[in-house]
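Here are a few friendly notes to read alongside the model. Keep the structure open and find each residue as you go.

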Amino acid sequence: MRRTTIGPILALVFGLALSPDIASPDIAPGAQRPPTGETIETVVVEVPVHVLDARGRPVRGLTAENFEIVDRRRKQTITGFEVIDRARLERVAEGEAGSIPVAARRHILLLFDLSLSDPSAIARARHAAMDMVNQSLHPSDLVAVATYSEMRGLNLVLGFSPDRSQVALAIDSLGLADVPEAVPDPLGLVIAESRPSDGGATEGGTAPGLQRGDAALAQILSGELGDLQVGMDRVARQEIRNRAMAMTRSLQELARILNTVDGRKHVVLFSEGMDSSVFFGTENTADRAALAEASARGERWRIDTNELYGSGASMSMLETMVEEFRRADAAIQAVDIGWLRADDASTSRGRQDALFTMANETGGELFSNFSDLGEAVTEVLSRTEVVYLLAFQPEDLELDGEYHRLEVELVGGPKGARLVHRPGYYAPEPFEKRPGLVRRLQAAETVLDGPDRGEMVHGVFAAPVRVTGNECYVPVLVELSGRPLLVGAREGVAAVELYGYAVDRNGRVADFFSKTLGLELAKVRPVLETSGLKYFGSLDLPPGEYALRVLARNAATGQTSRMTYSLNVPAPGAEAVMTPPMIAEPRGKWLMVLEEGIRERDYPFMLGDDPFLPAARPVLNPDSGATVSLLGFNLPPEIGSVTGELVAGDGSSEPVSVELVEAAEGIPSQIVARVGTGSVAPGDYELILHVGELAASVPVVVEKG
């Protein structure tokens with residue numbers, strides 16, 4: 001796994017030696033001042049809608065004409081409409097799951113309340129959670145893991161991820177101890193290194209990732225909570241109230257954060273609950289009798305009205321928290337993990353009452369027995385099998401963070417049908433005002449979301465070049481257009497965040513890289529204005545097929561761009577595979593940034609004794625042609641003929657001349673050829689080279705001759 005790198009950058013206009021004389025400090029995203037200049041942000045509001053019949057079953061077969069959206073009394077034009085039916089996606093490969101829009105994918109947040117919780121109850125909750133993930137969720141569902149404790153507050157251990165092995169690691173650790181082989185992923189999609197052989201989540205059983213054992217986890221929790229593990233009867237009532245309000249505030253904060261995540265959210269809260277008397281007053285018969293007797297005697301100093309009727313301030317905070325969850329389209333599915341404790345019945349019931357209120361008022365349910373959790377959650381989630389994803393673009397929307405209540409009406413639907421939909425949305429705030437956790441979740445959502453977008457990522461190139469054991473060294477080149485990086489720059493520094501995640505067919509993040517850069521414009525502005533920045537990073541990947549998702553974000557304005565690159569890493573001795581054709585980049589074109597430690601590896605791109613840098617989108621000149629290099633794995637001794645063609649966007653093709661220069665055996669083998677485009681018309685093409693029965697391609701631009 002890669003390290004996140006936030007440190008001095010070493011950048012240069014293309015050369016293969018670093019130039020420390022133009023190093024400049026990185027600028028962390030949180031340190032940005034409000035950007036200068038104007039940026040235009042188009043806001044598209046996506047509204048997932050579930051339509052249920054009188055029996056609570058999903059209604060199918062509706063179209064966009066069956067819905068109307070009203071935003072603050074203004075009817076909106078539905079500009080996007082999509083239907084996702086999970087019942088028809090029994091088994092979904094990663095590529096198919098990833099094609100489902102994030103707004104239509106269910107988001108399951110597993111929240112473990114560690115405050116005043118018995119360690120054995122937490123251990124049982126951990127196993128119940130993993131069983132539920134394995135047996136009850138759809139492959140397209142995104143799962144996050146968080147904890148709440150009085151010492152640490154709210155802690156997002158793992159962001160919403162499709163990677164079940166990472167979910168298993170997050171549930172295993174609960175964020176309380178050092179995770180073996182932990183990796184600092186800034187987007188929270190990865191918490192520790194995981195390989196397919198590690199197991200992770202398995203169908204129909206407890207994940208092998210749960211390796212610590214209940215006794216070890218109990219020891220970790222006991223050490224973490226320390227003297228917080230005291231009976232409720234030993235804590236002063238004011239302290240009980242303070243703790244209840246602290247947890248309520250944290251849940252309210254969580255709801256505001258979840259509102260920035262598109263899609264229906266289910267917060268599965270594993271908790272022993274809070275003392276409901278803080279909100280509703282005591283239900284203990286003896287206590288109420290004692291207070292009544294004191295009142296009859298006129299001993300008003302002995303009467304605590306908060307104890308008798310509940311605290312008005314606490315109740316107001318609870319109502320605000322519940323309303324925030326409603327606004328976030330998030331339901332609390334509360335799981336009472338204290339149901340086996342041998343407490344006083346009224347105390348246990350009081351804590352359960354608080355859980356019931358939070359669940360019931362947000363559209364969720366209370367589960368009081370682990371044994372039926374998976375089955376019950378399956379029943380709850382079955383109501384959201386069919387999603388009608390509506391989208392609209394509000395006009396004249398001010399980026400002020402204000403809440404917009406939505407109304408969605410069903411037109412011509414079945415009689416007795418009811419709608420469950422996103423009740424509203426918060427208008428975006430300027431990027432520099434968004435909390436760090438919100439920025440993190442929004443970037444992670446963009447990495448996971450369907451189609452590529454934006455023009456900042458100009459091109460991506462990746463190729464496996466060296467096999468070591470069961471892994472392959474894969475250099476990655478990312479080209480970023482320079483002008484978008486200049487927008488919003490302050491004090492002569494342009495800041496950009498760059499992320500790359502290799503996701504396999506099962507949704508597992510096999511490796512990633514991350515870089516935050518601060519670019520000193522006094523030294524690099526000319527090259528950014530004429531071309532841009534090229535980042536040279538790397539991945540270590542086991543054999544398999546991957547979707548390499550690259551995200552760039554202007555750290556001052558929040559503008560993002562994403563590109564997906566298909567990558568095939570060969571297995572030793574398996575079928576023959578070739579890398580995409582590699583064509584050298586002209587020197588001096590790009591501002592180069594190299595991954596730390598890149599010089600510790602042998603440079604992978606060579607033509608004889610000469611190093612070169614491949615272009616992600618090569619430009620071919622008909623007059624001069626180009627030298628092309630391919631690396632091959634498991635190639636036969638005789639490679640056969642080498643031919644080529646240029647394929648246009650309409651599918652038409654033109655042959656190109658190919659002269660074989662060299663075919664060197666090795667691991668990998670290298671093929672070098674000269675390619676000429678002849679009289680092909682200028683434009684965008686796919687260059688395809690055929691080596692025997694194998695083919696390899698790269699997008700190219702043909703210039704005028």
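1. Start with the largest nonpolar core, which has 51 residues in this predicted model. Val478, Leu480, Leu519, Leu528, Leu533 and Leu541 are the ones with the most contacts inside this core. Strand 19, residues 471-481, supplies the largest share of the core, with 7 residues.

2. Now pick out Leu528 from that list. What does Leu528 touch, leaving aside residues up to four places away in sequence? Its partners are Gly482, Arg483, Leu485, Leu486, Leu519, Leu521, Leu533 and Leu591.

3. Another core, of 47 residues, lies apart from the largest one. Ala244, Leu441, Ala443 and Leu551 are among its members.

4. Next, go to helix 3, residues 164-173. How many of its residues are buried? The count is 10 of 10, so the helix is mostly covered, where buried means under 20% relative accessible area. Charged side chains are on the buried list too, including Arg164 and Asp172. Just after helix 3, Leu174 takes a positive phi of about 55 degrees.

5. Helix 2 (residues 119-136) is a partner of helix 3: their axes come within 10 Å and cross at roughly 170 degrees. Angles over 145 degrees count as roughly antiparallel, and helix 2 and helix 3 are therefore roughly antiparallel to each other.

6. Which residues meet where these helices touch? From helix 2 come Arg126, Ala129, Met130 and Val133, and from helix 3 come Arg164, Val167, Ala168, Ile171 and Asp172. Sorted by class, this contact has 6 nonpolar and 3 charged residues, with no polar ones.

Notes:
Residues numbered from 1 in each chain as written. Predicted model: local features only at pLDDT ≥ 70, side-chain atom pairs only at ≥ 80, totals over all residues. Heavy atoms only, no water. Core = buried A, V, L, I, M, F, W, Y, C linked by side-chain atoms within 4.5 Å. Buried < 20%, exposed > 50% of the residue type's maximum accessible area, 1.4 Å probe, protein only. Helix = DSSP H or I, 4+ residues; strand = E, 2+ residues; numbered from the N terminus. Contact = heavy atoms within 4.5 Å. Axes fitted to C-alpha atoms, helices over the stretch in contact; angles between N-to-C directions. Parallel < 35°, antiparallel > 145°, perpendicular 65-115°, else oblique.
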